[in-house]
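I set out to record what could be looked up in this model. The entries follow the display.

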Amino acid sequence: MRDYKKEREWQLKRYNQIRTNIDKNLGTELREKLKKDNITIISWITENAKKYLEKY
């Protein structure tokens, strides 16, 4: 049986949740492009965050 409380504690220790709202057209276009390229949003964000941090 899953222990949701322990899973949540693990998530909070391991991850930082980032949520945002962007322009609907921009978001739709981004989702379509990523889907076409077979890239998940999370992998795209992670990759671009790493590139951004390496620049500075």
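**Notebook entries**

I began with isoleucine 39, which lies in the loop between α2 (24–36) and α3 (41–55); helices here are DSSP runs of H or I of at least four residues, strands are E runs of at least two, and both are numbered from the N terminus. I noted that the model is predicted, that local features need pLDDT of at least 70 and side-chain atom pairs pLDDT 80 or more, while totals for chains, interfaces and linings use all residues. Residues are numbered from 1 along each chain as its sequence is written, and side-chain values use heavy atoms, without hydrogens or water.

I looked up the exposure of isoleucine 39: its relative accessibility is 32%, so it counts as partly exposed (buried is under 20%, exposed over 50%, partly exposed in between, with a 1.4 Å probe and protein chains only).

I then found that Ile39, Ile41, Trp44 and Ile45 make a nonpolar surface patch of about 300 Å².

For the whole chain, I recorded 3 helices and 0 strands, in the pattern α-α-α. The radius of gyration is 15 Å, well over the 10 Å given by the globule rule for 56 residues, so the chain is more spread out than a compact globule (C-alpha atoms; the rule is 2.2 Å times the number of residues to the power 0.38). I also noted that 4% of the 56 residues count as buried.

Terms used:
Patches are made of residues with over 30% relative accessible area and no salt bridge: like charges are joined within 9 Å, nonpolar side chains (Val, Leu, Ile, Met, Phe, Trp, Tyr) within 5 Å. Accessible areas come from the Shrake-Rupley method with a 1.4 Å probe; for residues, only the protein chains shown count as cover. A salt bridge is a side-chain nitrogen of Lys or Arg within 4 Å of a carboxyl oxygen of Asp or Glu.
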